[in-house]
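This report concerns aromatic rings, charged side chains and nonpolar packing. The sequence and the model are shown first.

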Amino acid sequence: MSTDMQKLLGTSEEDDDEEMDTDVKEEDDGRQRNRGTRAGSGSSNDDFMFQQSMQDQVGTPGGSRRSRPVEEKERTKLRERHRRAITARILGGLRRHGNYNLRVRADINDVIAALAREAGWVVLPDGTTFPSKSQGTTKPPGGSCAVAAGSSASHMASQQSSPPAIRGGVSSGHRSPTELNSCRMKGVFTPAPSPYDLHQTQSPELLCSATANKADGLVRGSVGVINSKQILEIPPNMTEQDFSGTPYVPVYVMLPLGVINMKCELADRDGLLKHLRILKSIHVDGVKVDCWWGIAEGHSPQEYNWNGYRQLFQIVRDLNLKLQVLMSFHECGGNVGDDVCIPLPHWVAEIGRTNPDIYFTDREGRRNPECLSWGIDKERVLRGRTALEVYFDYMRSFRIELAEFLEDGVISMVEIGLGPCGELRYPSCPIKHGWRYPGVGEFQCYDKYLSKSLRKAAESRGHLFWARGPDNTGSYNSQPQGTGFFCDGGDYDGLYGRFFLKWYSQVLIDHADRILSLAKLVFDSTCISAKLPDVHWWYRTASHAAELTAGFYNPSNRDGYVAIASTLKKHGATLSLVSGEVQVLNRPDDFSGALGEPEAVAWQVLNAAWDTDTPIARENSLPCHDRVAYNKMLESIKFPNDPDRRRLSSFAYSRLIPALMEGHNILEFERFVKKLHGEAVMDHHHHHQQV
């Protein structure tokens with residue numbers, strides 16, 4: 001328990017005196033605030049102070065017994081500060097050159113653990129370390145991958161301190177250079193390495209954890225026994241809010257991205273059925289699934305195959321669960337959490353080879369085949385059809401072929417994909433083009449169709465010389481103050497800047513308006529929704545540069561989300577917001593360094609929706625399985641201090657992966673579901689039987 005508390009609060013195990021450690025922590029807090037990120041200069045001062053203090057103490061003869069404890073305390077504080085200064089240099093180097101995700105108060109133990117995990121070892125919260133099965137070695141004494149807390153707990157503890165997607169710097173044979181360099185530290189839509197760059201496999205930790213759990217019997221189909229020794233101890237001083245009696249929020253779990261294979265067949269019917277039964281047993285309301293354009297209309301235009309989805313929907317209905325479906329008009333394989341590759345339809349790729357302007361294009365002319373440019377919404381370039389007609393035909397086919405599931409209410413909501421990752425935004429931060437967090441990204445309006453639209457807008461204003469994109473925006477990885485456009489007082493707020501940003505953001509709004517109007521026509525009485533990310537980095541600057549390149553005209557002197565919320569309201573669509581606040585818990589420095597503010601962005605979007613009376617749903621961006629993260633999510637979902645008792649229409653949990661089904665993790669998730677449902681929750685200190 002003490003180890004968990006130290007990890008939660010960021011304290012060191014080297015200090016036995018609690019009061020002394022608190023003093024050191026407070027003093028270090030002040031020093032961190034004063035020096036910002038200048039670990040190098042601060043640590044040099046610490047070295048000098050430490051040496052000077054030791055000289056003074058050596059030169060002081062004797063000393064009374066009464067003053068000795070004070071001197072010991074001061075020496076210990078100085079040693080601790082000296083140790084932390086050295087650690088700061090190590091951590092700074094790992095963050096800068098290896099993209100390690102280490103918390104602000106990480107100590108040398110965290111560094112060693114990160115290096116060990118990168119080399120394929122398993123490190124438990126209590127420090128127990130042993131080789132993974134992937135190295136062909138045996139487990140430690142006791143016959144289990146988890147000596148004290150269970151293999152599921154050890155795997156998730158390692159995920160919390162160093163998620164496999166963010167680590168780098170030491171090659172383990174499982175990471176490509178692209179993956180090592182990708183720093184996925186933002187909360188919403190930082191893309192993972194592109195399928196064009198690598199063929200990604202599961203991390204060795206996940207493979208070890210899944211294999212060990214199967215061997216140890218923690219997950220045995222729909223029935224398993226979990227005892228209290230397999231449950232991680234929760235810090236006793238952690239305060240938790242009582243959500244009993246609060247409004248009921250339906251909970252959906254996103255299914256694996258590859259639940260339907262490229263032949264439109266169920267990839268693993270038995271495994272899926274087993275997991276769905278477990279979800280049903282803990283009273284999850286339903287599941288959410290992507291209906292991939294690249295699968296259902298993958299080979300020829302207007303030739304649709306819905307067989308696998310029909311089988312899936314039948315299983316869900318038989319279990320008396322609900323469905324949310326996503327019309328996925330984007331590719332899968334280059335974004336956060338993607339573990340399969342599902343490209344755009346083959347026939348679309350053929351068109352793109354002869355006419356690459358159907359894709360979003362940056363200032364250097366680089367194309368992004370993740371989704372179609374909004375410039376072709378009304379251009380007949382897709383075998384005689386416009387993009388809008390293609391989307392409409394796809395949705396209409398779904399509506400006709402799977403009508404029974406819509407009519408009997410099994411499908412409770414249809415989410416309309418409006419851009420990359422299914423989100424309403426420009427693909428302004430593509431890893432495949434070199435973007436790394438927290439770069440401002442680049443405008444994506446240089447295909448010939450959007451260029452024609454910009455020229456038309458400039459002509460209508462009588463300023464033909466405005467028919468161009470800005471030329472002083474830097475590159476993908478620039479910071480606002482390093483550009484003439486995004487810096488404080490920059491061109492973004494000049495006459496041309498305001499014209500360009502208004503046009504750029506209006507293209508986004510018009511695209512949403514057109515497709516949602518068609519979706520409402522197709523799905524009629526069924527609820528539809530659109531997904532928005534929270535682009536939070538550089539939010540505390542005047543320009544909000546990352547939001548501008550993503551298409552949200554939201555500088556500090558303008559609200560860029562009200563118009564979007566109003567468009568959704570116009571079509572009766574729910575605003576589905578992707579949440580990134582949880583990731584601030586373990587990486588606050590990553591967000592403060594980029595002047596990011598995930599919670600502020602979320603609240604601005606929520607208020608825009610509330611002001612326009614637009615229904616709201618939410619989903620998390622990355623999986624989490626610990627109670628601290630769940631409590632953080634609850635605060636952003638349940639609005640405990642809202643006098644109007646407003647509530648979300650639903651919450652979608654990302655995602656159904658093997659780790660979620662492990663003993664301790666499924667118990668924590670069940671507890672989370674009960675709180676979202678407004679039920680009273682009792683802690684598990686006894687044997688728990690899975691049904």
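## Charges over aromatic rings

A charge is taken to sit over a ring if NZ of Lys or CZ of Arg is within 6 Å of the ring centre and within 35 degrees of the ring normal. The model examined here is predicted. In it, the charged end of Arg468 is placed over the ring of Tyr496, at 4.4 Å from the ring centre. Arg646 lies over the face of Trp610, with 3.9 Å to the centre of that ring.

## Aromatic pairs

The structure contains 42 aromatic pairs. One of them joins Trp306 and Tyr394: the ring centres are 5.1 Å apart and the planes stand at 55 degrees, so the pair is classed as tilted. Trp306 belongs to the loop between α10 (293-296) and α11 (307-318), whereas Tyr394 is in helix α13 (residues 387-401), so the pair ties together parts that are 88 residues apart in sequence. Both Trp306 and Tyr394 are buried.

Tyr653 and Phe669 make up a tilted aromatic pair, with 4.8 Å from centre to centre and 50 degrees between the planes. Tyr653 is in strand β13 (residues 650-653) and Phe669 in helix α22 (residues 663-676); the pair links distant parts of the chain, 16 residues apart. Tyr653 and Phe669 are both buried.

In soluble globular proteins, nonpolar side chains tend to be buried together. The largest nonpolar core of this model has 147 residues, and Phe669 is among those with the most contacts inside it, as are Tyr309, Phe313, Met327, Phe398, Ile416 and Phe523. Helix α16 (residues 495-523) gives the most to this core, contributing 15 residues.

Beyond the residues up to four places away in sequence, Phe669 touches Val251, Val253, Leu279, Ile282, Val284, Tyr630, Tyr653 and Leu660.

Glu240 is located in the loop between β3 (225-226) and β4 (251-254). Its relative accessibility is 28%, so Glu240 counts as partly exposed. The C-alpha atoms of Glu240 and Lys632 are separated by 9.9 Å, although these residues are 392 places apart along the chain.

Leaving aside residues up to four places away in sequence, Glu240 touches Arg627, Asn631, Arg671 and Lys675. With the side chain of Arg627, the side chain of Glu240 makes a polar contact of 3.3 Å. The side chains of Glu240 and Arg671 are likewise joined by a polar contact, at 2.9 Å.

Terms used. Residues numbered from 1 in each chain as written. Predicted model: local features only at pLDDT ≥ 70, side-chain atom pairs only at ≥ 80, totals over all residues. Heavy atoms only, no water. Phe/Tyr/Trp six-rings, centres within 6.5 Å; stacked < 30°, edge-to-face > 60°. Helix = DSSP H or I, 4+ residues; strand = E, 2+ residues; numbered from the N terminus. Buried < 20%, exposed > 50% of the residue type's maximum accessible area, 1.4 Å probe, protein only. Contact = heavy atoms within 4.5 Å. Polar contact = N/O pair within 3.5 Å; in protein donor to acceptor, adjacent residues only side chain to side chain. Core = buried A, V, L, I, M, F, W, Y, C linked by side-chain atoms within 4.5 Å.
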